[in-house]
Amino acid sequence: MARILITSAIPYINGIKHLGNLVGSQLPADLYARFQRDIGNEVMFLCATDEHGTPAELAAAKAEQPVADFCAEMHAVQAKIAKGFGLSFDHFGRSSSAQNHALTQHFAGKLADAGLIREVEDRQIYSNADQRFLPDRYVEGTCPNCGFEKARGDQCEECTKQLDPTDLINPRSAISGSTDLEVRATKHLFLCQSQMKDELDAWINSKSDWPVLTTSIAKKWLHDGGGLQDRGITRDLDWGIPVKKGDGDWPGMEGKVFYVWFDAPIEYIAAAGEWAEANGKAEADWQRWWRTDKGADDVKYVQFMGKDNVPFHTLSFPSTILGTNSHNEKAGIPERWKLVDHLKSFNYLNYDGGQFSTSQGRGIFMDQALEILPADYWRWWLLSHAPESSDAEFTWENFQQSVNKDLADVLGNFVSRITKFCRSKFGEEVPSAGEYGPDEEALIAELTTRIRAYEAHMEAMEVRKSAQELRAIWVAGNEYLQATAPWSTFKTDPDKAAAQVRLGLNLIPLYAVLSAPFIPGAADKMLAAMGVEDRSWPKDVTAALSKMPAGHGFTVPDVLFAKITDEQREDWQARFAGTRD
Ligand SMILES: [Zn+2]
């Protein structure tokens, strides 16, 4: 049994995510996690909300809530929606957890001991009216690049130029609107990523099985321009993880917190600690996933993310881990942390001729999607159209067509047809007469080949190819029914028809098990209707097709997938054409 650690890029706490976010990390990570569990491997699947930084503080202020309360509430909302989509996290944590506080301070202390952190005298905007520093989005003003008057201190939304708050013309406080601002000196900690360049380069070069999309992005950041830059890891804010060196104070850094980009990925590790606490486990139980000196050296660690997150996961977070590990090695300390083994990145999903946009409320958001259709409809479409080799586009026409053809016509119709026919001719139990012949053997041979191909695609995280193969497996059952036509056979050779029906019925639990990673809700319904509890993976197809022996009772399930009508499509198209409040 292999051990697989899986993390999905952690969604920011501020607001509900859209379907483009979902298909770029959490959903394919869930597909992979479900598959790995189903084939019998031990899985730890972790995700969390990313709760620090100025956007959370500003959103809380807008909602007139203390930021901690705002985050607690939004975490509950996101957790509920994730559950609604069937995302099977072993733990959905919070980057504001006590575990992440302790680990972030621990890693910062290690990096300081390693000589990888330096203090930098920085100049930041201070608001006399607000009596505080105004980092990032706390300052608004005119973009020096394009003249847009509502540019934020971190970036201009109009021309997308990355900005520093001191770049803005006519700056004002985003909190009070005050223009009584001055530039003051403040000290910050910088992570010396530039010192890690060779080590990172060698590590990335050792990953010959990584997708080109991933390595090319990493290499570009590592080598282009001035190469990898040192980055600030602290901020003058109240909300965040207080700057400490391990569990000791950090002289000169009182009242400051770690910058969100430093603590967010450490939450991948902390989430395992939260999982242990929530489930009454010991330290050793989560450390065996993350500490290679405590049993994690046989763990395969896979990360899922959108392409915009690749530099961060190939360079910044690994700097923290590599820097800590190298330091411990030199100092003779056994503590070693797990680095990512495989990184699966995605391109973007666009929405009906434009982009999904959280800030503009454009597209379909996760809560809205579940209001109109069950999760399986969305899971199937999103995964079977995952933006792997290039960007993909959601259109309502394509969604309707794909759901109606794949789910309703192919899979749903198969289940309905065979169960209803059996009920009408043999009753609601598996008929016993007849023997399997060449047609059945040919089908079993085809299914065996296809299932092995499906497993290989799933193992390789080739999401679209997996969906295509699964669909072909469903089609094979339909073609078998079409070719053998038990409804005709029944008139001349009822025993032969019985054998055909027996095989057809047994395809349903087989399909349920194979389809469960994509459409878990429908898979459960299929197994329940067939009265089958055995969810074992079909390592041997012939054996898997005898889960419903002669005489085994079943019920005809309700419609598995309703077709999307033209009327519904037009209605939803209009409803989601504008922007969300
Ligand atoms: Zn601009």
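Visitor: Before we start, what counts as buried here?
Guide: A residue is called buried when its relative accessible area is under 20%, and partly exposed when that value lies between this limit and the one for exposed, over 50%; please keep in mind that this is a predicted model.

Visitor: OK, so is C156 buried or exposed?
Guide: C156 has a relative accessible area of 0%, and therefore it is buried.

Visitor: And how does C146 count?
Guide: C146 counts as partly exposed, because its relative accessibility is 37%.

Visitor: Which residues coordinate the zinc ion?
Guide: The zinc ion is held by the SG atoms of C143, C146, C156 and C159, at 2.3 Å, and along the sequence these donor residues follow the spacing C-x2-C-x9-C-x2-C.

Visitor: Why is the arrangement tetrahedral?
Guide: The angles that the four donor atoms subtend around the zinc ion run from 106 to 115 degrees, so the arrangement is tetrahedral.

Visitor: Switching topic: how much space lies in the second largest pocket?
Guide: The second largest pocket holds about 370 Å³ of space, and of the 17 residues lining this pocket, P211, K344, E388, S389 and E462 are the closest to its centre.

Visitor: Which element gives the most to that lining?
Guide: β14 gives the most, with three residues; the elements that contribute two or more are α7 (212-223), β14 (342-346) and α15 (463-484).

Visitor: And how does the lining of that pocket split by class?
Guide: The lining of the second largest pocket has seven nonpolar residues, six charged and four polar.

Key
Residues numbered from 1 in each chain as written. Predicted model: local features only at pLDDT ≥ 70, side-chain atom pairs only at ≥ 80, totals over all residues. Heavy atoms only, no water. Donors = N, O, S within 2.8 Å, 3.2 Å for Na, K, Ca; no water. Tetrahedral: all angles 85-135°; square planar, octahedral: opposite > 155°, others 65-115°. Buried < 20%, exposed > 50% of the residue type's maximum accessible area, 1.4 Å probe, protein only. 1 Å grid on protein atoms, 1.4 Å probe; cavity = no way out; pocket = protein on both sides within 12 Å on 5 of 7 lines; lining within 4 Å. Points joined across faces, edges and corners; volume = space filled by probe spheres on them. Helix = DSSP H or I, 4+ residues; strand = E, 2+ residues; numbered from the N terminus. Nonpolar A, V, L, I, M, F, W, Y, C, P; charged D, E, K, R; others polar.
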